[in-house]
Amino acid sequence: MAKSKKKSALLPDLHPDLFPLVDVARNLYWAWNAEFQALFTTVAPPAWKRTAHNPIKMLKGLGRRRQAQLVADVKFMAAMRRCRHALRSYLRAKTWYQEKYGRRLKGKIAYFSMEYGLCEALPIYAGGLGVLAGDHLKSASDLGIPLVGVGIFWKQGYTRQLLDANGRQVDRFQTLNPEDTPLREITGPSGRPLRIKLPVGPDALTVRGWQLDVGRIPLILLDTDLAVNRPRDRQMTRRLYSGDRDTRIRQEILLGVGGWRFLRAMGLPIAVCHLNEGHAAFVALERIAERIRTEGASFAQARRCVAATNVFTTHTPVPAGNETFEVDLLDKYMGRYTRLMKIDKRAFINLGRVQAGNEREPFGMTPLACRTSDRRNGVSALHGAVARSMWKELWPKRKLENVPIGSVTNGIHLRTWLHPKMAALLDEYLPKGWEERQDQPRVWQAAKRIPDAELWALHQELKAELVEFVREKVRQQLRRNRASVVQLNRVDSILDPDALTIGFARRFAPYKRAALVFDNAARFARLLNHTRRPVQIIFAGKAHPADAEGKALVQKVARLAASPRFRERVVFLEDYEMEIARHLVAGVDVWLNTPRKPQEASGTSGMKPTLHGGLNLSILDGWWPEGFDGKNGWAIGTGQDHNGSRAHDKRDATELYRILERQVVPLYYERTAAGLPRRWIARMKHSIATIPAVFNSHRQVKEYWSKYYLPTLRKA
Ligand SMILES: *Cc1c(COP(=O)(O)O)cnc(C)c1O
């Protein structure tokens, strides 16, 4: 009774017989369950689309007539009850964790991340770091790992990207109303909203928390947008990664210190803190101060205890990408921790410096995280090695190979990225229970049994879906920019579902070199416009709002895409996010990745197409040296580090053209009498058989579990 009252308060106009839809919508489990998504699609197809796949918002706008139709629709009502039942069984099922550990272990893992990419309806992420965090929570849920996520509710998210008629990126921000989301305000023991006080330098903020259920995992999103706070403090949780240094340090204090205090106020028994990147490293200072205050420990004892239960994952192989703060700014906002940790100011600042006592060095979040976490890792084998050499000075007495930074290679959450039609094909040919055993290489070998014609037919179908999706997006883009009828009519001729299709989508950070394929534009145009062997490429990606170089890259690629010689073969989709990513990775033939080595710590986007037989064509950076076996895609270049020169870019571009012209294109167009590209399909199967087996987030989370979480829990 109490429960249904809550539902009617949230959705006062909803027919009570449709309340099961609210249960299903309120747990993000639907975001990785095709049956649930199909259910929401039938509720109101246009609204599902219009709300960017936000079930709560859709249900709020559902008219009386449509509700009555649904209630009278026996098939719909049965499907709805099936979904609710599926959610309940999922939440009750015995998990991997319960089978292995039962109730023997106590305490939870708190996972801190500035951003989470869980679904397109909650745009509180900027790119790969967020999507990785989202996939981590989903796998932790599937496996039953006792983890709780901590982040920030970014009311305006990152940026919505529009492209104007000249291909310029225009940044738009939309405000997300928590009542239009599955977020629930966290309450305290009295049943009233839980609020904590957070001192931030001279100020004291009031913080509230929203809970999002991600399957079995609670994600706590902090928020300062409360009337009791000053305007500037209310605004600090508005936009992700924007604003000045002053805002940035306050945001990081909120995540680290505020996150820890909120967990405490909720009474959660936290045994391990996992810092996804250095943004949350202030949590260590708060925990040290807490131990000193409550247990009378010395600084050295408290630091040792905290470090023993802290795990730190670094993601940034570029020195400039590692966050630092000027000492004065740190002093202004965190100076009180010298007193709280009972150390002097020098010792405090040295926690964030590579070289103790170097007055010119600012306070770095990565050194701080390294010094306060006994377990540290990079996100691919290569990045682990890069991180060891980048941070070796933190351990001056150690040899390079003994620098204590390991690696756990990233993976993707398969159900999130797998097209339902491909899932059905895998169900048919992989052994039963393949999903639970997705990290066993043996299981995937069965992909080789899929008949060529069947795999190819499905691939072509997914590619045709992609082409339709892209054309519709381009039409929307053109209409908004008041394009002519001629331009709109031309959309039907862009992209050919039978042509070799390349995808390139990721943040437009300059090191990723989105424009590398245009290095020799004439040569690339010849390749694309070949009459018998056409090639096409789809781009998507946002530049950071303050990144002029990245924005120039967006404009360069968007303008080339609109130019007469590339118009039919090159498309730039605006506002890259998870829905666009899902379509791209399901339908492309080739996924292109051209970072300056070794600046891509791991990269995960290239793992996604391999589920559908898409082949990687990539610089040997990030995860690719581990994934590439000579037959499941292609490597660009010899694997040398980029030397920063223009000549090196040119060399990489030339090598890229050579592989496309001599290997990729001929192989794709080599056909049997029946029209099948046999040798290409063999590569597709080999890619399916070898890559998802390793680069999935179940394997990733289990690796964090056995290497870092479990030994730490045992100690606690
Ligand atoms: C997977 C994904 C990324 C990560 O892309 P990389 O190429 O690994 O940087 C970024 N954004 C979205 C929307 C994604 O789905």
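User: How do the residues of the lining of the largest cavity divide into nonpolar, polar and charged?

Analyst: This is a predicted model, in which local features need pLDDT of at least 70, side-chain atom pairs count only at pLDDT 80 or more, and totals for chains, interfaces and linings use all residues. Residues are numbered from 1 along each chain as its sequence is written, and side-chain values use heavy atoms, with hydrogens and water left out. A cavity is a set of points on a 1 Å grid over the protein atoms alone where a 1.4 Å probe fits but cannot get out, and lining residues have an atom within 4 Å of a point. With Ala, Val, Leu, Ile, Met, Phe, Trp, Tyr, Cys and Pro as nonpolar, Asp, Glu, Lys and Arg as charged, and the others, Gly among them, as polar, the lining divides into 7 nonpolar, 2 polar and 1 charged.

User: Which domains each give at least three residues to the lining of the largest cavity?

Analyst: The lining includes Trp 30, Cys 119 and Asp 180. Domain bounds come from an automatic or database domain assignment. At least three residues come from each of domain 1 (16-92) and domain 2 (104-410 + 701-713).

User: Which helix gives the most to the lining of the second largest cavity?

Analyst: Among the residues lining the second largest cavity are His 419, Glu 465 and Arg 582. Helices are DSSP runs (H or I, at least four residues), numbered from the N terminus. The elements giving two or more residues are H22 (452-480) and H26 (578-587). The most, 4 residues, come from H26.

User: What kind of aromatic pair do Tyr 29 and Phe 36 form?

Analyst: Rings of Phe, Tyr and Trp (its six-membered ring) pair if their centres lie within 6.5 Å; planes under 30 degrees apart count as stacked, over 60 as edge-to-face and the rest as tilted. For Tyr 29 and Phe 36 the centres are 5.4 Å apart, with 85° between the planes. The pair is therefore edge-to-face.

User: How far apart are Tyr 97 and Tyr 101 in helix H8?

Analyst: Tyr 97 and Tyr 101 form a tilted pair, at 5.6 Å centre to centre and 35° between the planes. Both are buried (under 20% relative accessible area, 1.4 Å probe, protein chains only). Within H8 (residues 96-101) the two are 4 residues apart, so the separation is about one helical turn.

User: Which residue lies over the face of Phe 504?

Analyst: A charge sits over a ring if NZ of Lys or CZ of Arg is within 6 Å of the ring centre and within 35 degrees of the ring normal. At 4.5 Å from the ring centre of Phe 504, the residue is Arg 506.

Note on methods
1 Å grid on protein atoms, 1.4 Å probe; cavity = no way out; pocket = protein on both sides within 12 Å on 5 of 7 lines; lining within 4 Å. Buried < 20%, exposed > 50% of the residue type's maximum accessible area, 1.4 Å probe, protein only.
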